[in-house]
Amino acid sequence: MSKIKDKSESTKFSIVRHGFWKYPILMIVLLITVIVMGIWVGSPNWPRATIKNSAQMEPGGTIWAVSQELDGASVSYTDPYAYGMKNPAQRLVIGPLESAKWFLSQKQRQALSTYINAPMTKRIEWAKNYDKAIQKTFPVSKSDYTPVPKMSNISMLRGNFGPVPVIADTILKLAQNGYLETYFQGISPGNTFEYTNIWLYDRPYMLNTAIRNGLTDDQWGMIKERGFAPGPWYLIIPAVAHVLLPAGSTGPGFIFWNSLFAIFALVLFPLIPGLRNIPKYIGLYKLIYAVDPKKSKRSEFSMKGDHYDDNIRKEHKKKKNL
Amino acid sequence: MTDQDDYFAHHKGEPFRFKERKKEVGWLKAALESFAYLPPFNRMFGKVEPSYAESYWYCLGGLTFLSFLFLVITGIILTLFGPPWWLHTPTGVAVKSMHYWSAQAFFFFLFIHVVRVWLTGAYRGERWVNYAIGLTSLFLALGENLFGVLARGDWESQFVAMHSNYMLFGLPLLRLITPSNFTQVILIHVAFIPFTLLVLIGVHVTLVKLQGIARPL
């Protein structure tokens, strides 16, 4: 035990016993905390949005989105090739109707066949007319919420819409009775949720729900969870880039600002003279050290050179070789 | 005894006298300390460190690693049972919640660990390489968090999947990742990133062991 006693007398080095009594105790405390929090507090677990629910809650939004999926104005056209979709109109509107043809009414079948046999320009013209007419049913919104057209207003609309209103109404019914979600689950290429999510994100219901829960970009949604706190607070730096910095809400801007921060933290801060000495000037390290290294009994060696323990190792190697 | 001998004393075999130590610090601490003398712990941890590193501030990296182990254990259980289990059964929800709180603990300890490293200037000299490895692990862990949210399968997963699809995953190369594709997302979350993290953490800990505690400012 003499060696240990020697070390306890020195304030420079000590046997790292703490690792073997602090860690097990801290580990047990941490484990218990995690188990208790897991059982008692839980975690974010908001039920999935479904096409059926979305269509029942906001039928007008569903109809409007169909017109936009047909005229190319829907959100899904931001990335029309996502999940092998290629053509949102075909994938999200016409495909489902064709699959359900066997139980559609004569009127609905007729509308589908008229649409399919019409030239592309005509199809887009009908859909655009319907889209514009729907948008006239509500005033320009000044709030962040996307306006949702009322079904009563939509049913009053008359114009050169071709078969589009019947098509949109059929999709609404297929969505409300649950057929559409099952159909999408069956045709999604790698997984069951892809087209369902695209369809939901095309409707104002999902975005408005996000706004109501404070989850959009400008509401600092990146560091929040729906109906649960704390959210991912540790994403604060990417969130600052996403919300406050110019173009941070776009993909390239987001990557640019985060890369800039990474370069600063990885390279500039630790390596540039002046910057790397900031901790020394601030002097908070004094609060961290268990004992003041400068006041240690045998402190002469520790003050020599930048990497005293590396030097020690070299010395030790030399001795070993001798 | 010189400082060099003192510092490297832990490379030599050193007997642990339990009874003497029990008298000095009590039974519990002595029993826990005895592990320091058993292989492989004696080699993993080393036994002698500078006295100024005897504070809880120097336990934060270790606690981050412990949280990582909790994440791996709860994560394996979750992966074995699957989404319907962790979303709809009480036990599944509890294990998923433990996974969530382990992640909170992981980032909490990781962030204060980084603060400790910054405040003590522990990135200087050849330790910069290890600093860079540690920070890269932090960035990867943030990415891991995103794929965790996407794999969860609740409302947030749906919303974040579509939001990130139109913001980030529409860009060249990143386009290869499809955030609504559960199988792809879970593969990245439970295999690609964790294994990379495991390697990085392994190298990080080994370098800490080889290079020792950074010299005082």
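Analyst: A nonpolar core is a set of buried Ala, Val, Leu, Ile, Met, Phe, Trp, Tyr and Cys residues joined through side-chain atoms within 4.5 Å, where buried means under 20% relative accessible area, exposed over 50% and partly exposed in between (1.4 Å probe, protein chains only). This is a predicted model, in which local features need pLDDT of at least 70 and side-chain atom pairs count only at pLDDT 80 or more, while totals for chains, interfaces and linings use all residues. Residues are numbered from 1 along each chain as its sequence is written, chains are lettered from A and ligands numbered from 1 in the order in which they are written, and side-chain values use heavy atoms, without hydrogens or water.

The largest nonpolar core contains 52 residues, and those with the most contacts inside it are L70(A), V93(A), Y130(A), I134(A), F184(A), I198(A) and W199(A). Helix α9 of chain A, residues 164–176, gives the most to this core, with 7 residues (helices are DSSP runs of H or I, at least four residues, numbered from the N terminus). Leaving aside residues up to four places away in sequence, V93(A) touches V66(A), E69(A), L70(A), P88(A), I167(A) and I171(A), a contact being heavy atoms within 4.5 Å. A second, separate core of 46 residues includes A103(B), F169(B), L197(B) and I201(B).

As for confidence (pLDDT, the predictor's own, from 0 to 100 for each residue), chain A has a mean of 86, with 84% of its residues at 70 or more. Within chain A, α9(A) is highest at 97, whereas helix α1, residues 2–9, is lowest at a mean of 39. Residues 1–11 of chain A have pLDDT below 50, although this stretch makes 25 contacts in the model beyond near neighbours in sequence; residues 297–308 of chain A are likewise below 50, with 33 such contacts. Where pLDDT is low, the predicted coordinates should not be read in detail.

How values were computed:
Helix = DSSP H or I, 4+ residues; strand = E, 2+ residues; numbered from the N terminus.
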